Each structure stands twice: as C-alpha cells, then as structure tokens.
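I open these notebook entries with the structure itself, and I keep below what I looked up in it, topic by topic.

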Amino acid sequence: MIQGIGHLAFCVRDLDTALEFYMQKLGLRRLFHLGSDDAPWLVYLRVSHGQYIELFPEKEAAQREKQCFSHLCLQVTEIEQEVARLRALGVQVGDVSLGEDGNYQAWLADPDGNRIELMQMQPDGIQRTLDRE
C-alpha cells in the first residue's frame, strides 16, 4: 500500500546556489549527502519529518534551459507485494534492490516516461537514522 510521497528530486545547475535557496531562503535543513564531500551526487534536504527534497547536481543540467524533474518517490509498506501487484496489472517494474541510503527501492515509469521510485523505508536507513525528531 502506498503511504505517501517520500521525496521530490530535482536536477540543479549549481548546487551551492540551490542549497542557499532551499536552506537559507526556505529554511530547509541539510540532512545528508551521498558521494564524496567534494563532489556529492545527491544532497538530501528535510522538509518535515518523513518528507524530503533530493538535489542532484548534474553537469547536463548546466547545459539545459529547461527545468529538470528527476523522479517521484512513493513510500510503500511492503515493496515486494507492491511490485508483484503492479506487475500483475501489466506495469513494467524493475527488480527490488537495496539503495545506498539503506532502503529498498524499485523503479517504474508512468505512460509519459516520468520515473517513479517505490521505496520501503528501513529502520536503519539514513533518513530514519538521522531524522528522529
């Protein structure tokens, strides 16, 4: 069963500028990043308990004039059951895997090709470990 939106993910042309906007202007808190300290490939911002925005600093984004939406993440309770349910309905869903953040995930796309991540949050996943408020 889908529980809610886990996060929204955006490509950003300039990570420092984006972080200043989201943190200094909107008041969001940086929760963690994945990748190296010098070159993170993903930065997680906390909107509120259990709700996040992911920022992806992408080289390609700097060359685009358009906005970039990376994907929608939907939290699910039992990812294997949800993947099986969707496959039974004819939806092409990738296999379940453990992400670098310690949560289970599977990927699909809507009819227009927009990527959707299904995520089953784990008690020891980075989000829950760092976001205990």
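How many salt bridges does the count come to by the rule I use? I call it a salt bridge when a side-chain nitrogen of Lys or Arg is within 4 Å of a carboxyl oxygen of Asp or Glu, and by this rule I count three salt bridges. I note at the outset that this is a predicted model, in which local features need pLDDT of at least 70 and side-chain atom pairs count only at pLDDT 80 or more, while totals for chains, interfaces and linings use all residues. Residues are numbered from 1 along each chain as its sequence is written, and side-chain values use heavy atoms, with hydrogens and water left out.

**Entry: the salt bridges**

For each partner I also looked up burial, where buried means under 20% relative accessible area, exposed over 50%, and partly exposed in between (1.4 Å probe, protein chains only). Glutamate 20 pairs with lysine 25, and the closest N and O atoms are 3.7 Å apart; glutamate 20 is partly exposed at 42% relative accessibility, whereas lysine 25 is exposed at 59%.

Glutamate 82 and arginine 85 form a salt bridge whose closest N and O atoms are 2.7 Å apart. Both residues sit in helix 3 (residues 79-88), and because they are three residues apart there, about one helical turn separates them. I take helices (H or I, at least four residues) and strands (E, at least two) as DSSP runs, numbered from the N terminus. Glutamate 82 is buried, with a relative accessible area of 5%, while arginine 85 is partly exposed at 41%.

Arginine 87 forms a salt bridge with aspartate 95, with 3.1 Å between the closest N and O atoms. Here arginine 87 counts as partly exposed at 38% relative accessibility, and aspartate 95 is exposed, with a relative accessible area of 62%.

**Entry: the overall fold**

I find four helices and eight strands in the chain, and reading along the sequence I write the pattern as β-α-β-β-β-α-β-α-β-β-β-α. The radius of gyration is 15 Å, close to the 14 Å that the globule rule gives for 133 residues, so the chain is as compact as a globular protein of that length; the radius is taken over C-alpha atoms, and the rule is 2.2 Å times the number of residues to the power 0.38. Along the principal axes, the C-alpha atoms fill a box of roughly 45 × 35 × 25 Å. Buried residues make up 41% of the 133 residues.

**Entry: the sheet**

In what order do the eight strands of the open sheet lie? I read the order as 2-3-4-1-5-8-7-6, with mixed pairing, where two strands pair if DSSP finds at least two bridges between them. Strand 2 (29-35) and strand 6 (97-98) are the edge strands, each pairing on one side only.

I then followed strand 1 (residues 2-12), which runs antiparallel to strand 5 and is joined to it by seven bridges. Histidine 7 stands opposite cysteine 73 in strand 5, and the bridge partner of isoleucine 5 in that strand is leucine 74. Strand 1 is also joined to strand 4, by six bridges and in parallel, with glutamate 54 of strand 4 as the bridge partner of alanine 9.

I count four aromatic pairs, taking rings of Phe, Tyr and Trp (its six-membered ring) as paired if their centres lie within 6.5 Å, with planes under 30 degrees apart counted as stacked, over 60 as edge-to-face and the rest as tilted. The ring centres of tryptophan 41 and phenylalanine 56 are 6.0 Å apart and their planes stand at 40 degrees, so this pair is tilted. The pair links distant parts of the chain, since tryptophan 41 is in strand 3 (residues 40-48) and phenylalanine 56 in strand 4 (residues 51-57), 15 residues apart. Tryptophan 41 is partly exposed at 40%, whereas phenylalanine 56 is buried at 11%. Ring pairs also link Phe32, Tyr44 and Tyr52 into a cluster.

Phenylalanine 69 is in strand 5 (residues 69-76) and counts as partly exposed at 41% relative accessibility.
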